[in-house]
Amino acid sequence: MAATPPKPAAASPRRKVSRHRGEGQWAAGHYTPLNGNEQTKKDDDGLNVRTRIETIYSKRGFDSIDPGDLRGRMRWWGLYTQRKPGIDGGKTAILEPEELDDEYFMLRVRIDGGALTTQQLRVIGEVSQEFARGTADITDRQNVQYHWIRIEDVPTIWNRLEGVGLSTVTACGDTPRVMIGSPVAGIAEDEIIDGTPALEEMKRRVLNNKAYSNLPRKFKTAISGSPVLDVVHEINDVAFVGVRHPEHGPGFDVWVGGGLSTNPKLGVRLGAWVPIDEVPDVYEGVISIFRDYGYRRLRNRARLKFLVADWGAEKFRQVLEDEYLGGRKLLDGPPPEQPVQQWRDHIGVHRQRDGRFYVGFAPRVGRVDGTTLTKVADLAEAHGSGRVRTTVEQKMIILDVEQDQVDSLVDELEALDLTARPSTFRRGTMACTGIEFCKLAIVETKQRGSQLIDELERRLPDFDEPLTINLNGCPNACARIQVADIGLKGQLVLDANGEQVEGYQVHLGGALGLEAGFGRKVRGLKVTSDELPDYIERVLKRFQAEREDGERFAAWAARASEEALS
């Protein structure tokens, strides 16, 4: 599959050539870049920027970086400039990019499937301590993000990471980003099928491959054979979900077109069952459809979800089969079964299929540091493990623990404030990067989320119902606000004195897995940051008072009166 589409045949002399540019789809012959981003990618492939970083920018410093690389192509290697300190949220949409840029970078380390050895985790921690002022946040896509990175240090960091098999390639940019996978793939007792072989082959085919390094926008992938549906498959561009076919046995159900941001859409099933050895072919076909047919005219319509919405699942499957699978028809298959449990994060102590145990634990809103990560690597090894995992809920798991080591490991994690027995609020609260480092953010999130956990644990110590609280610093939904029980979208609001302060628009009753859907927005329901604990306490007490037997928060929020939700 070529990186650049073939040029169209010359038009017939009798045929009038249309000047309509459509949506900028390559497959329709629209190759002329229709915006600055597309022009930047046409001028030079983002993968090529690595050479300039290594040979020019890291030697001459920040001021030597070409603007097209700085705010474009460097993302192909996981680098974004971070927000300059001291700029308040009211300036986010007003200032020019160069006014928001600090001379330091966020660097994202891709961790496909969340899979790490303790050696790799230790190197991640050491890099954090030496080059990133201790920062090392766990994201909700299983990555680790550094801050305060100097361009001068990037080649050394790459050498250190790549020396243990890690990479930052296409961790950002209009590319195939990290492939999320079940953090307990290959070890869980209840697993339907282990997707690891397919994930590894998918990586081999597309990473560092210029056939897939110029996509219309980012492309998000998920694969899991877990019956608890642990990779938020409904909100990925393509997802492979483990199912059992009544005739052919374990395989994968294919979903396409999911995504959140400012125009959220849940993925749709193609109705196709795929055996594991065919997953990479189907994956390559889907990503190629996006490359060739994806909309490139407007950035806000350049995700796969818009193409899927326009085509529908039936046409998408037909194009996939006819044009990208050589006419091979996919088998029809069943949908995944609804998971029994409401938590999908693997927190706590669980038996593995080999008789050993894995221990899932909860950092605070994904905020950790390099020292802590090296200590986790040491703890894992001291208790007989050489493998750890990250999850899509900003959590971590230590694998392969013998039964007689479990209790001491749990206690030692507790001493690091990494509890395997978290409260509902510690377990269910996530936060994006927020205004501390993100140039798109309007409000603070990480510290606010951590403080919120403490306050709710104090006020509601006996609340033990599954609940998710997701804080986002802007409308872009990196923390999945629309599919949380309580989703909080950062914005500036007016307080009781009529002054503009940090606050949140509230989304209530979103969900994935059990009954997927987007949260409800009550007209005018906004809350200041200072009022947030009071508001959530009030709503949860009403939920406890009004809920029916066994009713989940999302179901109650869908039927509750606006007064009860205010």
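**Helix α10**

I began with the buried residues of α10, which are F316, R317, V319, L320, E321 and Y324. The model I am reading is a predicted one. I noted that an α-helix has 3.6 residues a turn, so residues three or four places apart point the same way.

I then checked the length of α10, which runs over residues 313–324. Its twelve residues should span 16 Å at 1.5 Å a residue, and the end C-alpha atoms are 15 Å apart, so the two values agree. After α10 comes G326, and I wrote down its phi as positive, near 65 degrees.

**A309**

I looked for A309 and found this residue in helix α9, residues 304–311. Is A309 buried, exposed or partly exposed? Its relative accessibility is 49%, so I list A309 as partly exposed; the exposed class begins only over 50%.

I also took a distance from A309 to R459. The two are 150 residues apart in sequence, and their C-alpha atoms are 44 Å apart in space.

**D45**

D45 sits in a loop, the one between α1 (36–43) and α2 (49–60).

Which residues does D45 contact, once neighbours within four places in sequence are left aside? I found R73, W76, K210 and S213. I also looked at N214, which is 169 residues from D45 along the chain. The C-alpha atoms of D45 and N214 are separated by 7.2 Å.

W148 has a phi near 65 degrees, a positive value in a residue other than glycine. This residue belongs to strand β5, residues 144–149. Its relative accessibility is 18%, so W148 counts as buried.

For R480 I noted a phi near 60 degrees, again positive and again in a residue other than glycine. R480 is in the loop between β17 (469–472) and β18 (486–494). With 7% relative accessibility, R480 counts as buried.

**The chain as a whole**

Last, I turned to the whole protein chain. I listed 17 helices and 20 strands as its secondary structure. Along the principal axes, its C-alpha atoms fill a box of roughly 80 × 60 × 55 Å.

How does the radius of gyration of the protein chain stand against that of a compact globule? For 566 residues a compact globule would have a value near 24 Å, and the chain has 23 Å, so I recorded agreement.

I put the share of buried residues at 60% of the 566. Of the contacts with a separation of 6 or more, 69% are between residues 24 or more positions apart.

The accessible surface of the chain is about 23000 Å², and carbon and sulfur atoms hold 45% of that surface. For the charges I noted 77 positive and 85 negative ones, with their mean positions 7 Å apart.

Technical notes:
Residues are numbered from 1 along each chain as its sequence is written. This is a predicted model: local features need pLDDT of at least 70, side-chain atom pairs count only at pLDDT 80 or more; totals for chains, interfaces and linings use all residues. Side-chain values use heavy atoms; hydrogens and water are left out. Helices (H or I, at least four residues) and strands (E, at least two) are DSSP runs, numbered from the N terminus. The radius of gyration is taken over C-alpha atoms; the globule rule is 2.2 Å times the number of residues to the power 0.38. Buried means under 20% relative accessible area, exposed over 50%, partly exposed in between (1.4 Å probe, protein chains only). Contact means heavy atoms within 4.5 Å. Accessible areas come from the Shrake-Rupley method with a 1.4 Å probe; for residues, only the protein chains shown count as cover. Lys and Arg count as positive and Asp and Glu as negative; His and the chain ends are not counted. The place of a charge is taken as NZ of Lys, CZ of Arg, CG of Asp or CD of Glu. The expected span of a helix is 1.5 Å times one less than its number of residues.
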